[in-house]
Amino acid sequence: MIYRLLKQNIALFFIAAISVSANEKKPIAIGPYLQNVTSKSAVVCWATFAGQSTLTYPDGKIQKFNEYEHHEMLLDGLQENTTYEYDVLGDGSAAGKGKVTTFPKKIEPFQFVVLGDTRSRHDIHKRNIERIMAENPLFVVNTGDLVGNGRRIQDWDKFFELNNELMRNIPYFPVLGNHEKDSKFYFEFFNLPGNERYYSFNVGDALFLFLDTEGEDYQTPQYLKTEESREYYWNNHNLKYFEEQKAWVEHQLTINKDAGFVFVFFHQPLFSVKKTRVEDAKLRRKFWGDIFERHGVQVVLNGHDHHYHRAFNGGTHYITTAGGGAGLYEPDTPQPETKKISKIEHIVKVEVGPAQAHLTAIDINGNIIEKIHVDKK
Ligand SMILES: [Fe+2]
């Protein structure tokens with residue numbers, strides 16, 4: 001009897017202990033991770049579990065789908081170019097801790113890293129993440145196709161698991177790829193400037209523009225997927241949205257005409273060396289015209305074609321960096337503007353200095369694919 005009472009009391013004690021800790025704070029399921037860092041503010045995001053759905057297959061296999069509650073904390077009134085420590089749990093445990101370094105306002109040397117198409121082959125993605133962390137850049141840009149299917153929550157679970165340590169301390173700026181599928185998960189997880197589809201920010205006297213090549217309805221209708229209908233598709237699909245975006249780009253480049261460096265990022269490139277995509281790239285070029293060259297943009301960085309490619313036209317470098325993880329494509333159709341091709345997984349490190357910016361494409365083994373520099377305007 002005494003033993004039974006004791007056992008009940010122990011059980012009650014454990015139930016009470018569990019409910020107290022659950023009331024205190026839910027455990028972090030994703031993050032914390034840095035978003036929307038500026039010279040005076042930052043947003044720390046994280047997610048806690050909100051539930052789990054399951055699908056049971058005829059053979060008894062169970063697939064789980066996590067649901068999350070998203071949390072954001074705006075850190076405002078910060079000093080420029082300064083490192084702060086944050087703790088979203090406030091309990092001193094490592095799970096809620098990270099560091100944020102605000103962007104410099106003045107012209108200071110800094111570096112950022114670009115990678116793209118991280119969607120599959122998680123081992124490759126992981127090695128690229130480790131290399132980026134060793135470089136300790138001010139921020140990271142992903143040129144789109146972050147995940148295989150933006151509408152599958154499991155893909156985002158994996159993306160944030162792989163990037164946990166990196167995104168805790170280094171802000172991550174993505175653009176939408178076709179594989180994001182205009183998913184609500186993308187907009188829930190990321191907290192980006194402006195309308196989040198296309199946006200800009202400045203660091204020192206460098207301007208960064210992030211564009212959307214996918215549009216609000218990303219899917220090409222099946223009946224428009226033939227050779228002959230490509231032009232029709234470009235002239236009709238979402239044209240208003242793209243025209244508005246183009247006017248916004250023109251405006252941004254005009255009001256920032258004194259920027260020393262301009263870097264532009266979007267997913268689908270203007271120069272493709274993949275045979276089946278050369279014509280599509282030409283249609284995109286026709287749409288954007290000479291806008292980047294006319295405004296003296298030094299570098300445009302894209303993804304989508306899974307290799308490294310650099311074209312040079314009208315004073316602007318067009319770099320395709322899509323070696324983040326997805327299976328490689330054969331760069332089989334060099335263009336007259338092609339300067340460098342490499343079929344290997346890689347990242348691009350950009351060091352911005354007072355007079356020049358140095359870009360280094362580094363392959364998965366740590367070898368340099370090429371190193372170029374651009375002069376300040
Ligand atoms: Fe893509």
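What is the geometry of the site of the iron ion, tetrahedral, square planar or irregular? The points below take up this site and then two other regions of the model, which is a predicted one.

1. The site of the iron ion is irregular, with angles of 87 to 162 degrees among its 4 donor atoms. Tetrahedral geometry would require all angles to lie between 85 and 135 degrees.

2. The iron ion is coordinated through OD of D145, OD1 of N178, NE2 of H267 and ND1 of H304. The distances run from 2.1 to 2.2 Å. Along the chain, these donors have the spacing D-x32-N-x88-H-x36-H. N178 and H267 link distant parts of the chain, being 89 residues apart. N178 sits in the loop between strand 8 (172-174) and helix 5 (184-189), while H267 sits in the loop between strand 11 (261-265) and helix 8.

3. H267 has a relative accessible area of 0%, so this residue is buried.

4. Helix 8 covers residues 278-288, and its buried residues are V278, A281, L283, R284, F287 and W288. Just after this helix, G289 adopts a positive phi of about 60 degrees.

5. E370 belongs to strand 18 (residues 368-375). E370 counts as buried because its relative accessibility is 11%, and the cut-off for buried is under 20%.

6. Beyond its neighbours within four places in sequence, E370 contacts Y308, R310, K340, L359, T360 and A361. With R310 there is also a side-chain to side-chain polar contact of 2.6 Å.

How values were computed: Residues numbered from 1 in each chain as written. Predicted model: local features only at pLDDT ≥ 70, side-chain atom pairs only at ≥ 80, totals over all residues. Heavy atoms only, no water. Buried < 20%, exposed > 50% of the residue type's maximum accessible area, 1.4 Å probe, protein only. Helix = DSSP H or I, 4+ residues; strand = E, 2+ residues; numbered from the N terminus. Contact = heavy atoms within 4.5 Å. Polar contact = N/O pair within 3.5 Å; in protein donor to acceptor, adjacent residues only side chain to side chain. Donors = N, O, S within 2.8 Å, 3.2 Å for Na, K, Ca; no water. Tetrahedral: all angles 85-135°; square planar, octahedral: opposite > 155°, others 65-115°.
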